[in-house]
Amino acid sequence: MIFKLATLALSVAAFPQSEPQVGQWVPAGPNDVRSPCPIFNTMANHGFLPRDGGVMTRQQIVTAFKEQMSIDETLTNQLLDATYLLGLGNAHDQTLTLASLNTHNAIEHDASLFRNDAFFGDNHTRNLTLLNQLISYSSDGQTISIDDLARYRKDRFADSKARDPNFTFGPKQEFLAFGEAALLAETISPANPKQIPIAVLKAFAGDERLPVAEGWVKRTDTVNDLNVGAFAAELKIKAGVFNS
Ligand code: HEM
C-alpha cells in the first residue's frame with residue numbers, strides 16, 4: 001500500500017496537471033465568460049488576461065493591450081475611464097470583469113459588426129454568419145478596404161433597424177460603432193489600416209486569436225486617439241448619414 005502511494009505521488013510529481021502557458025491560445029471553456037469585445041476575448045484566450053474572464057485590474061488591461069497589440073497606454077486609460085463612468089466594473093477598485101462589458105446600451109450596442117443585437121439573446125458571442133457577411137463585402141477577395149467596411153457598417157445599421165423591434169442607435173452608439181471599426185483596422189492591419197487582410201480578420205474576429213500565424217505583427221508605433229480618430233472620421237464620411 002505504502003509502495004503504491006509512493007508510486008502515485010512520484011507519477012503526479014513527474015506529470016503535473018499544468019495550466020496552459022501564458023501566451024498559449026486556448027479558446028474559452030464552458031465555465032469561462034467572454035465579452036462583446038474581441039481584444040478582451042483574445043487577451044483572455046491567450047492568458048494575458050484571466051482565462052475565466054473574471055476580475056482584472058486596470059494595470060493588467062493596459063499592459064496586455066500595450067505589450068501584445070501596441071495600444072497606446074493613454075488611449076486604453078481613457079477608454080477605461082469612460083467605462084467606469086458608464087457604471088461598468090468596479091470604479092473603486094479599478095477592476096473589470098468580461099461579463100460587465102455585456103451590459104446593453106452602456107458600451108455594448110445594437111448593429112455590431114459581428115454580434116447579434118441584445119433583443120435576439122446573446123449579445124456578446126461572435127456571430128460567424130455576420131463575420132462572413134462582412135467578408136463577402138470584400139471588393140478584391142483578399143482584403144476589406146475602408147470602402148468595403150463603410151458599406152458594411154451602413155448596411156448592418158439598416159439590417160438591425162429592420163429586424164430588431166428594440167433597435168436603439170443614437171449618437172452614442174454611432175460614435176462607438178465607428179470607433180470600434182477604426183480600432184479594429186488600426187490594430188490588426190498596421191501596414192495599411194485601409195486594407196485589412198481577410199485571413200487576419202478571420203483569426204482575430206473569428207477565433208479571437210492573435211493573428212501571428214497569418215503574418216500579423218504588432219505595429220512598431222502605437223494605436224492612439226489620433227490614428228483611430230482619423231480613421232473613424234473617414235469611415236463615417238464614407239458611410240454617410242445614418243437615419244435612426
Ligand atoms: C478599455 C478599452 C475597451 C473597452 C472597455 C471595450 C469594450 C467593448 C465593448 C463593450 C464592445 C461591444 C460593442 C458592441 O456592441 O459592438 C466592444 C466592441 C468592440 N471592440 Fe472593444 N473595448 C475596448 C478597447 C478595444 C480595443 C483597444 C480594440 C482594438 C482592437 C477594440 C475592438 C473592438 C471591436 C472591433 C469591437 C466591435 C465588435 C463587433 O462589432 O462585433 N476594443 N468593445
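Predicted model: local features only at pLDDT ≥ 70, side-chain atom pairs only at ≥ 80, totals over all residues.
The protein chain holds 9 helices and 4 strands. Its C-alpha trace spans about 75 × 40 × 35 Å along the principal axes.

The protein chain is divided into two parts, domain 1 covering residues 32-108 and domain 2 covering residues 126-244. The centres of domain 1 and domain 2, taken over C-alpha atoms, are separated by 19 Å. To the contact between them, domain 1 contributes 13 residues and domain 2 contributes 14 residues. On the side of domain 1 that touches domain 2, the elements giving two or more residues are α2 (38-45) and α3. Of these, α2 supplies the largest share of that side, 4 residues. By class, the residues on the side of domain 1 that touches domain 2 comprise 5 nonpolar, 7 polar and 1 charged.

The shell counts 22 residues, of which the closest are Pro36, Cys37, Leu79, Ser112 and Leu113. Two or more residues of the shell come from each of the elements α2, α4 and α7 (171-188). Sorted by class, the shell around the ligand has 14 nonpolar, 5 polar and 3 charged residues.

The packing of the helices may now be considered. Two packed helices are described by the angle between their axes and the distance between the axes. Helix α3 (residues 58-69) packs with helix α4 (residues 73-85) at an angle of about 140 degrees, and their axes are 9 Å apart. That angle makes α3 oblique to α4, and the crossing of the two helices is right-handed. From α3, the residues Arg58, Ile61, Val62, Phe65 and Lys66 make the contact, and from α4 the residues Glu73, Thr76, Asn77 and Leu80. This contact of α3 with α4 has 4 nonpolar, 2 polar and 3 charged residues.

Helix α7 packs in turn with helix α9 (residues 225-239), at an angle of about 120 degrees and with the axes 8 Å apart. α7 and α9 are therefore oblique to each other, and their crossing is right-handed. On the α7 side, Phe178, Gly179, Ala181, Ala182, Leu183, Ala185 and Glu186 take part, and they meet Asn227, Val228, Phe231, Ala232, Leu235 and Lys236 in α9. The residues of the contact of α7 with α9 divide into 9 nonpolar, 2 polar and 2 charged.

Helix α9 has a further partner in helix α6 (residues 146-163), with which it packs at an angle of about 65 degrees and with the axes 8 Å apart. The crossing in which α6 passes α9 is right-handed. Here Ile146, Asp147, Leu149, Ala150, Arg153 and Lys154 of α6 make the contact with Glu234, Leu235, Lys238 and Ala239 of α9. By class, the contact of α6 with α9 has 5 nonpolar and 5 charged residues, and no polar ones.

Technical notes. Residues numbered from 1 in each chain as written. Axes fitted to C-alpha atoms, helices over the stretch in contact; angles between N-to-C directions. Parallel < 35°, antiparallel > 145°, perpendicular 65-115°, else oblique. Left-handed = near helix turned anticlockwise from the far one by under 90°. Contact = placed C-beta atoms within 7 Å. Nonpolar A, V, L, I, M, F, W, Y, C, P; charged D, E, K, R; others polar. Domains from an automatic or database assignment. Near = placed C-beta within 6 Å.
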